[in-house]
Amino acid sequence: MPNTPEEDRLVKEAMNQLSKLYGTYLMGNHFVLGVLSCPSNQLFNYVHFLDDPAFRSNLQLSGRIPVGCQVNGSTDRQGTRFAKDHSVVWINRSVATAGTVLHELLHALSDNSWYLWAFSKKPWLNEGVTEYLTRRVVKKTDKDVFQVDRTGTYDGELGNLKQMKAMTKQAFSMPMVRTGRRQQQAQPNQAPTSLRDDICKAYFQGQFSQSLVDALALYGQ
């Protein structure tokens, strides 16, 4: 069964919400432009809703789902078997929420170099950052449909990211002494704001700052 009109409207509004919060980093993003300009009756080429049996068969073909595992959504990145010219998002309409759509769209919007870099650094990093960006939209949106409870979704990965940010904030707030002279202390909000921007630039644009590399080095797991 193809996407319903309601599902297509949900995708378009989800992309609007993501663009509203992260638009600074998404200028010229081909997936954003493709989704927002695509006629609704062809949107399944970008975001395809499937019933549970078809969704599971699709993932099993790609070797990405264990038997008996329940998955709400998945994203095939550009260049994979399912997505030659652009990423394709698959949504299990039997269990997915509007939050699932946000989360999977973020995966599709992320830069390919981020995807490779994140997995080379920390096994939790990609999902932790994606869920962090998802929950920022959930917190800030004024659309009821996206104000969903994400508790239990990648809590471990998100917890690792929060711990890394806290460690970085603590490191930034401590006076540093070099060559016998005390350096100026960073402002309390300087580190988190900078790190958030660094995360977004890395995630959406593939630009990896030294500050982000240093933050990961502080978190040794």
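The second largest pocket of this predicted model is lined by 14 residues, and those nearest its centre are Asn 29, Phe 31, Gln 78, Ala 108 and Ser 110. Its volume is about 260 Å³. Pockets were located on a 1 Å grid over the protein atoms alone, a pocket being an open set of points where a 1.4 Å probe fits, with protein on both sides within 12 Å along at least five of seven lines; a lining residue has an atom within 4 Å of a point. Grid points are joined across faces, edges and corners, and the volume is the space filled by probe spheres set on the points. At least two lining residues come from each of α2 (30-37) and α4. Four nonpolar, seven polar and three charged residues make up this lining, where Ala, Val, Leu, Ile, Met, Phe, Trp, Tyr, Cys and Pro count as nonpolar, Asp, Glu, Lys and Arg as charged, and the others, Gly among them, as polar.

Of the 28 residues lining the largest pocket, Val 71, Gly 73, Glu 104, Glu 127 and Tyr 154 are the closest to its centre. Two or more lining residues are given by each of β2 (73-76), α4 (98-109), α5 (112-121) and α6 (125-140). By class, the lining of the largest pocket has seven nonpolar, 13 polar and eight charged residues.

Helix α4 contributes to the linings of the largest pocket and the second largest pocket. The helix has twelve residues and spans 17 Å from its first C-alpha to its last, close to the 16 Å expected at 1.5 Å a residue; the expected span is 1.5 Å times one less than the number of residues. Twelve of the twelve residues of α4 are buried, a class defined by a relative accessible area under 20%, with exposed meaning over 50% and partly exposed in between (1.4 Å probe, protein chains only). At the start of α4, a side-chain oxygen of Thr 97 comes to within 3.1 Å of the backbone nitrogen of Gly 99. Polar contacts are pairs of N or O atoms within 3.5 Å; within protein, one atom must be able to donate a hydrogen and the other to accept it, and residues adjacent in sequence count only if both atoms are side-chain atoms.

Asn 3 is located in the segment before α1 (5-22). Asn 3 counts as buried because its relative accessibility is 11%. Polar atoms of its side chain lie 2.8 Å from the backbone oxygen of Val 47 and 2.9 Å from the backbone nitrogen of Phe 49. Beyond its neighbours within four places in sequence, Asn 3 is in contact (heavy atoms within 4.5 Å) with Asp 8, Leu 43, Phe 44, Val 47, His 48, Phe 49 and Arg 93.

Asn 160 belongs to helix α7 (residues 155-173). With residues up to four places away in sequence not counted, Asn 160 touches Trp 124 and Tyr 219. Asn 160 and Trp 124 are 36 residues apart along the chain, and their C-alpha atoms are separated by 7.6 Å.

Overall, the protein has nine helices and five strands, assigned as DSSP runs (helices H or I, at least four residues; strands E, at least two) and numbered from the N terminus. Buried residues account for 44% of the 221 residues. Of the contacts with a separation of 6 or more, 63% are between residues 24 or more positions apart.

Residues are numbered from 1 along each chain as its sequence is written, and side-chain values use heavy atoms, with hydrogens and water left out. In this predicted model, local features need pLDDT of at least 70 and side-chain atom pairs count only at pLDDT 80 or more, while totals for chains, interfaces and linings use all residues.
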